[in-house]
There are 2 protein chains.
Amino acid sequence: MVVDEPTARQRRIVEAVWRIAAERGLDMATVREIAVEAGVSARVVQYHFKGKHDLLVVALRLLHRDNERRARDRIAALRDASNPRVLLRAALEELLPLDDQRRTSLRVMTAYYTRSLIDPALASVFLHDGSPLENMVTALISAAGPRHSIDAAREADLLVAGVTGLGLDLLHQRRTRADVRRTLDYHLDRILQAQP
Amino acid sequence: MVVDEPTARQRRIVEAVWRIAAERGLDMATVREIAVEAGVSARVVQYHFKGKHDLLVVALRLLHRDNERRARDRIAALRDASNPRVLLRAALEELLPLDDQRRTSLRVMTAYYTRSLIDPALASVFLHDGSPLENMVTALISAAGPRHSIDAAREADLLVAGVTGLGLDLLHQRRTRADVRRTLDYHLDRILQAQP
DNA sequence: TCCATCAGGATACGAACGTATCAACCTCAT
DNA sequence: ATGAGGTTGATACGTTCGTATCCTGATGGA
């Protein structure tokens, strides 16, 4: 039951999984609760997926794909119209829960990421493609023509990992949005400031 | 059932929770499984804690406390005998799964961190004390007398968040240990290199 | 028209969950 | 020695879980 292009009904059900996982946790995403949230009967959930595990895998794959598409679209809408710093910032802000969409997505992804430590089928979704974001950030830094003392790849690694961590802190209300913005601005300045 | 100093039996049970959560996930930490892992009967688990939820909260608090103590001890064992870079590196490496102890702890913490998005009792454990690690790293950077263009607090924020993220990548085998070491070395060099 | 296939309703089943209950056992101060 | 309080074994209760089963309509090509 590998779904590449889900039917409308499958999509409804998958989105119900997302909402429940984001608001009440992946544990509460039982077949019966998913059905209620999707506005269908439990039998329908049973019918359209091979089983609960497959449903969860499909839901992760679809979320992952949607996130990538949305990020790519949003960044592409800026390109050729802005400077490298704006692009770089936009790419990194895709990792932050700055609106309901990204907050929901991040909460669901967090639940899945933890479960993928146990479930290899989920882990494979995360490992499927290499490190497109790190590579993109590396390219953006290099394209900005930073000082020669900057190693774009190493900067990208810490930036992506760090902004992800800051996003989680934001989710847990361990940091304020202003705090994250200050830290991000500082490092963008540092990396992109005047060349030698 | 707030346990500050657990009895030997409570500790046995709590450690069973840690092992199960690390190896099979927090969902598998049922009362019956915990009892088996701890080598006691399920009734004993029932008796020594107010309920499952309290047991989970106590287990998190104890893990959190143990981690802080171990980190403090390990770093203190280096102080006055090493240069700032060694101390800074040691502090950050407490976040990485470099041995079984830290790997287990990180896996358990990850499960709890995710669940704390839903469970306020767990979230309060994480939020209880401010940001001691960020503060310590800030102090270590400042004490190293970095270049005046360095903002120690902002560097500490991204370092702590970033190394945490790199540690998770390590856990998921998304990065190699050498890769993480390279990124960490680069940024330590960058921050601590020759003063103006 | 007829029947094969798809879609879904209604219900049940066995397993596992957290917890409650009741009796039995220890261990000391009295 | 004895009874009270702390501890544990054995067992059961009610719930919820994922899934299976059986049946009813709807749809659509022959």
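Visitor: Leaving aside its neighbours within four places in sequence, which residues is B:Pro6 in contact with?

Guide: This is a predicted model, in which local features need pLDDT of at least 70 and side-chain atom pairs count only at pLDDT 80 or more, while totals for chains, interfaces and linings use all residues. Residues are numbered from 1 along each chain as its sequence is written, and chains are lettered from A and ligands numbered from 1 in the order in which they are written. Two residues are in contact if their C-beta atoms, placed from the backbone, lie within 7 Å. By that criterion, and with neighbours within four places in sequence set aside, the partners of B:Pro6 are B:Arg11, B:Val14 and B:Leu62.

Visitor: How many residues apart in sequence are B:Pro6 and B:Leu62?

Guide: B:Pro6 has its place in the segment before α1 (8–24) of chain B, where helices are DSSP runs of H or I with at least four residues, strands are runs of E with at least two, and both are numbered from the N terminus. In space, B:Pro6 and B:Leu62 are 8.7 Å apart, C-alpha to C-alpha, and in sequence their separation is 56 residues.

Visitor: Why does B:Pro6 count as partly exposed?

Guide: A residue is buried if 20 or more other C-beta atoms, placed from the backbone, lie within 10 Å of its own, exposed if 12 or fewer do, and partly exposed in between. B:Pro6 counts as partly exposed because its C-beta neighbours inside 10 Å number 18.

Visitor: Which helix of chain B gives the most to the side that touches chain A?

Guide: In the pairing of the two chains, 31 residues of chain B are in contact with 31 residues of chain A. On the chain B side, α6 (100–115), α7 (120–127), α9 (152–171) and α10 (177–192) each supply at least two residues. With 10 residues, the helix that gives the most is α9(B).

Visitor: Which residues come nearest to DNA strand D?

Guide: A residue is near a strand if its C-beta atom, placed from the backbone, lies within 6 Å of it. The surface near DNA strand D draws at least two residues from each of α2 (31–38), α3 (42–48) and α4 (52–76) of chain A, and from α3 (42–48) of chain B. Of the 13 residues around DNA strand D, those that come nearest are A:Thr30, A:Val31, A:Gly51, A:Lys52 and B:Ser41.

Visitor: How many helices does chain A have?

Guide: The C-alpha trace of chain A spans about 65 × 30 × 30 Å along its principal axes, and buried residues make up 37% of its 196 residues. Chain A has zero strands, and its helices number 10.
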